[in-house]
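Morning, everyone. Please bring the structure up on the screen.

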Amino acid sequence: MTVTPEAGTRDAESGEPPKRRRRGRPELESAQNRLGFYLIIPAIVMLLVVIGYPVVRAVIMSFQKDPGLDPSTGLFVSGGFAGFSNYVHWIFQRCGDVKCPPGTLGSQFWPSMSATIFFTVASVTIEVVLGMWMALVMSRAFRGRGLLRASVLVPWAIPTAVTAKLWFFIFAFNGIANYLLRTEILWTGSQWPARFAVVVADVWKTTPFIALLILAGLQIIPDDVYEAAKVDGATAWQRFTRITLPLVRPALLVAILFRTLDVLRIFDLPYILTGGANGTTTLSILVVNQIRQGFNSAAALSTITFLFIFLVAFLFVKFLGANVVQTQQSQQKGAR
Amino acid sequence: MASTTTVEPGRAAAATRARTRTRPRGATAAKVRSYIGIVLIVLFCLAPFYWMIVTSFREVDFTFDNTPWPTHVTLDNYRTVFDTSLGNHFARALLNSAIIGVCTTILAVMFGVFAAYALARLDFRGKFVVLGVVLGASMFPGVALLTPLFQLFTNIGWIGTYQALIIPDISFALPLTIYVLTAFFAEMPWELEQAALVDGASPGQAFRKVILPLAAPGLFTTAILAFIAAWNEFLLASQLSSDRTQPVTVAIASFTGSQPHQEPYTAVMAAGTVVTVPLVILVLILQRRIVAGLTAGGVKG
């Protein structure tokens, strides 16, 4: 076993596996194409069934009327083609010919959009700054790396539903948060404390994950780059802004992209922690609240949510150049 | 940038010398700072978890005792969790989660392993498109699937069945599996397969005796990640399950206590501990591999 690898490599190069060598020959290339196709196709079919079909179906549903009383005529309609009326209902908050009255789901689109964006911006900003610091500490740790890695994985492994319940208890009126802060805040009782509680819980749960992603990016920066900068008289801050940040940028962008897309669909935390009350209803919560009051309208809302997230991802990749696939590849190579 | 990245041999030597010279004072300060950082991170990550466990062992009447160490210790909360007289079926929910998690994992790995092999080892047309599709799928918002699936499963009477929970879970477990496995496969020393063939092993033997043992840890880690993702899922399960099939995440969120309008905090913390501790132990045992899988796949758990 100890001698075989080397011999094996040499033999492999001398043409024993015709499949991987001599890529130029067209019939072999097409053989790889065919094999690749056969191996890929089951997974792609599976994804089409579990994701493709529901998405197409949701788009079709979103152009159908929900059975019910038509608010403008007062007559019962049993469905039929709705055109863009479901989309108009959400985006312009129109219920029939009038503005949706406060308290109805129809009036909550823009408030939940702004809550979702608030959670995204607040959580991701804090998580990236905190995650960056954590990653720096972990990469420089002389000892205790195992302990660090272990403890960092704990918040990640806990189900979000449990995290929400845990922070619900911490933020209870008589709970430890008020006790430690010497405050008497009804955390889930009004808008900003409730939002604050959700952001804190989200930061606790996912910063470790960001830190691990950034750490992976930090570890492929060679040490001698820092040594050279030190010799050239760069301060710690200069080394951070001129070396660490530019070199860790690809990993950082991927982490930010993943987290952004993830918080945009946030559901579990606010749903359990605050019940979506006091300005913590996110787009996902609104869809779930709507689902039993009309599938088709809910489908329109979920399609809007999906398109919104897609747009954000597109802008991200286009303007920040977060090339996810390539970063993945180079990180794999770096890790090898 | 350019000036700092090019390191001449002479300079590198100077750097080493400079480092050894300044070690005593600078190194001690750095060490102290590093230790403070480590303590802060460990506190940040573990304090809330510790609080959950401490509370889970506290008598109900002392729920808001707020003493940082265990006081009024009791096992009553754990009895409450598994007590079915209050309408909670926690044991059944645990079993449901296990069934859903195991089935999802098996399906995801079964379908994912071939795709990952192709993505890691073969050059075929459209490879990057497939990678992009898989990554896009893993970032897909669950609510976009929820409405049509809810309608479909209601129509065909699947609400309250296991397949209604397993099939949607594939939507995130399969992309995750493909991504993490692709990363693992790309790092494997495949030359050993050729070596075995040269040494006279049949292709079957080479696969069984060389490739499988090498791939097993990666496969296992991937399976664990998929299982954790399915175990932790809440959104789809909260809408597509019935009382009979609901998993633990949904059970915990809707846990009821003996008093109708009072949140049974201590019992919920006990339930949370029961759900979490096995996962945490598993993760701690496999931490090195899980971190590798997480960062290579770059997928959220």
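How are α7(B) and α9(B) oriented to each other, roughly parallel or roughly antiparallel? Before that, the ground rules. This is a predicted model: local features need pLDDT of at least 70, side-chain atom pairs count only at pLDDT 80 or more, and totals for chains, interfaces and linings use all residues. Residues are numbered from 1 along each chain as its sequence is written, and chains are lettered from A, with ligands numbered from 1, in the order written.

Helices are DSSP runs of H or I with at least four residues, strands are runs of E with at least two, and both are numbered from the N terminus. Axes are lines fitted to C-alpha atoms, for helices over the stretch in contact, with angles from 0 to 180 degrees between N-to-C directions.

Now the pair in chain B. Helix α7 of chain B spans residues 163–186, and helix α9 of chain B spans residues 203–232. Their axes come within 9 Å and cross at roughly 155°. So α7(B) and α9(B) are roughly antiparallel; the label applies over 145 degrees, with under 35 roughly parallel, 65 to 115 roughly perpendicular and the rest oblique. The crossing of α7(B) and α9(B) is right-handed, meaning that the near helix is turned clockwise from the far one by less than a right angle. On α7(B), the contact residues include B:F172, B:L176 and B:F184. On α9(B), they include B:G218, B:L225 and B:A226. Contact means C-beta atoms, placed from the backbone, within 7 Å.

Next, chain A. Helix α6, residues 160–170, packs on α8(A) at about 130°, with the axes 10 Å apart. That angle makes α6(A) and α8(A) oblique. Their crossing is right-handed. A:T160, A:T163, A:A164 and A:W167 meet A:A197, A:V200, A:A201 and A:K205 there.

Last, the chains together. The contact takes 98 residues from chain B and 103 from chain A.

Methods: Contact = placed C-beta atoms within 7 Å.
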